[in-house]
Structures are given as structure tokens and as C-alpha cells.
Amino acid sequence: MWTSIRRFASSATPQRQWTVYLSGEIHSPWRAELAEAVSHLPVTLTGPNDDHALSDDAGAMIYGAVPTRPHWDSIGARLNGLRTTTNLKEADLVVVKFGEKYRQWNAAFEAGYASALNIPIITIHPPNLSHMLKEVNANATMAVDSVEKVAAALDYTINGTEPATPKDWTPSEDIWGKGNPNPGGK
């Protein structure tokens, strides 16, 4: 039996490669920030095409230009859907970032799809979006407000790395008692 997180983290067992699908907001560098923060982990990051113009045009570029916008959008959406569903099915975990400026309908769809596939989900969004995303968050394993918290969660999940102790932290034993003798109390 493992006696501590540190003992588990120092175990010599080979680690598997994790696949993490990054969904959502495309107008900030959050994907690059997360990639940097988890570069020490055995993680492969995948995701949708986050180049908006290319995403819109890829279908027409491959299948041929079409004369109307609905058809143009349809063939682009089908091609992007092929990429998205394939990558989601192969993911061990999905991270979904919701930003304030744009509505990420596709991200909500991808979170729902991941949930249907029983793939764990971590959502990232500012606290003021919690009410609007309550159904998405209810199906997520975690809802956080920063890329740094996602990186710490991945490090803990994959390596068992003890999280940094927050300032002014009070351990649960100090609050609830050693061994949590009364889980339903207080």
C-alpha cells in the first residue's frame, strides 16, 4: 500500500503516454501556455483546428469551392467534425476553455460529446461564467479558472505530484479532525 503521494511519484514504473484534447477558445495563447506547463509530463496534446479561417475553408479547399455559404460551411463543418470526433474518441482527458468574448458553442458540444464517451473533462473559465456553464460543469470532473490549475491537476493525476500549498492553508485534519471522524458533521 502506498504511504504517501511522494512515494508514488518516485515509483520506477514506466509511465504511459496520456492524450489530452484541448477544446474551446481560440483567441488567446492558452494552449501554448498549457503545453509549456505540462512539457515535463508524458502528454500528447490534440485538439480542433484553431486557425479560424482555415477551419472555415478547409472543406472547400479539399472538396472544391461551392457557390453558397451554407454549403461552404457544411463541408467545412463535416471535415472539422471528422477531426474532432476522431481526436475526442482517442483522448484520455478533455480540457475545455471558455472565454468571455466569444460564445464557444463548439466547445460546449465537444464537452457533451466527451461526457457521452465517459471521458473526464476539466473546464476552464472565469468565475462569472459559472452560472451559464452549470450544466457543462456538472458533467466535468473539475471546473477551474486557470491553465496553471489544469497543469497542477495533470501533474497530480499522472505523477502523483503533491500540489503547492496555498497561502493561509488550513489542513482538513485541523478543520474536521484526524481521520475525519464525523464526515457528516459540522
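Strands of a sheet pair through backbone hydrogen bonds, either parallel or antiparallel. Here two strands are taken to pair if DSSP finds at least two bridges between them. Helices (H or I, at least four residues) and strands (E, at least two) are DSSP runs, numbered from the N terminus.

A word on the basis of these values. Residues are numbered from 1 along each chain as its sequence is written, and side-chain values use heavy atoms, with hydrogens and water left out. Because the model is predicted, local features need pLDDT of at least 70 and side-chain atom pairs count only at pLDDT 80 or more, while totals for chains, interfaces and linings use all residues.

The protein contains eight helices and five strands. Read from the N terminus, the elements follow the order α-β-α-β-α-α-β-α-β-α-β-α-α. Of its 186 residues, 34% are buried, where buried means under 20% relative accessible area, exposed means over 50%, and partly exposed lies in between, with a 1.4 Å probe and protein chains only. Contact means heavy atoms within 4.5 Å. Among contacts in the protein with a separation of 6 or more, 63% are between residues 24 or more positions apart.

Let me turn to the individual strands. Strand β1, residues 18-24, is joined to β2 by four bridges, and the two run parallel. In this pairing, Thr19 stands opposite Thr44 in β2, and Val20 stands opposite Leu45 in β2. β1 is also joined to β3, by five bridges and again in parallel; there, Ser23 stands opposite Val96. β3 in turn pairs with β4 in the parallel sense over four bridges, with Val96 opposite Thr123 in β4.

How many residues of β1 are buried? Seven of its seven residues are buried, and the strand is mostly covered. β3 is likewise mostly covered, with five of its five residues buried. Leu93, Val95 and Lys97 point one way from β3, Val94 and Val96 point the other way, and all are buried.

Not counting residues up to four places away in sequence, Thr19 touches Thr44, Thr46, Glu90, Ala91, Asp92 and Leu93. Asn80 lies in helix α4. Asn80 counts as buried because its relative accessibility is 18%. Leaving aside neighbours within four places in sequence, Asn80 is in contact with Asn49 and Ser55.

I come now to the helices. For the angles that follow, axes are lines fitted to C-alpha atoms, for helices over the stretch in contact, and angles run from 0 to 180 degrees between N-to-C directions.

Two packed helices are described by the angle between their axes and the distance between the axes. Which residues connect α2 and α7? The axes of these helices come within 9 Å and cross at roughly 35°. The contact is made by Trp30, Glu33, Leu34 and Ala37 of α2 and Val147, Val150 and Ala151 of α7. By class, this contact of α2 with α7 has six nonpolar, no polar and one charged residues. In this classification, Ala, Val, Leu, Ile, Met, Phe, Trp, Tyr, Cys and Pro count as nonpolar, Asp, Glu, Lys and Arg as charged, and the others, Gly among them, as polar.

The last pair is helix α4, residues 69-90, and helix α5, residues 105-116, which pack at an angle of about 40° with their axes 10 Å apart. That angle makes α4 oblique to α5: under 35 degrees counts as roughly parallel, over 145 as roughly antiparallel, 65 to 115 as roughly perpendicular, and the rest as oblique. The contact is made by Thr84, Thr85, Leu88 and Lys89 of α4 and Glu110, Tyr113 and Ala114 of α5. By class, the contact of α4 with α5 has three nonpolar, two polar and two charged residues.
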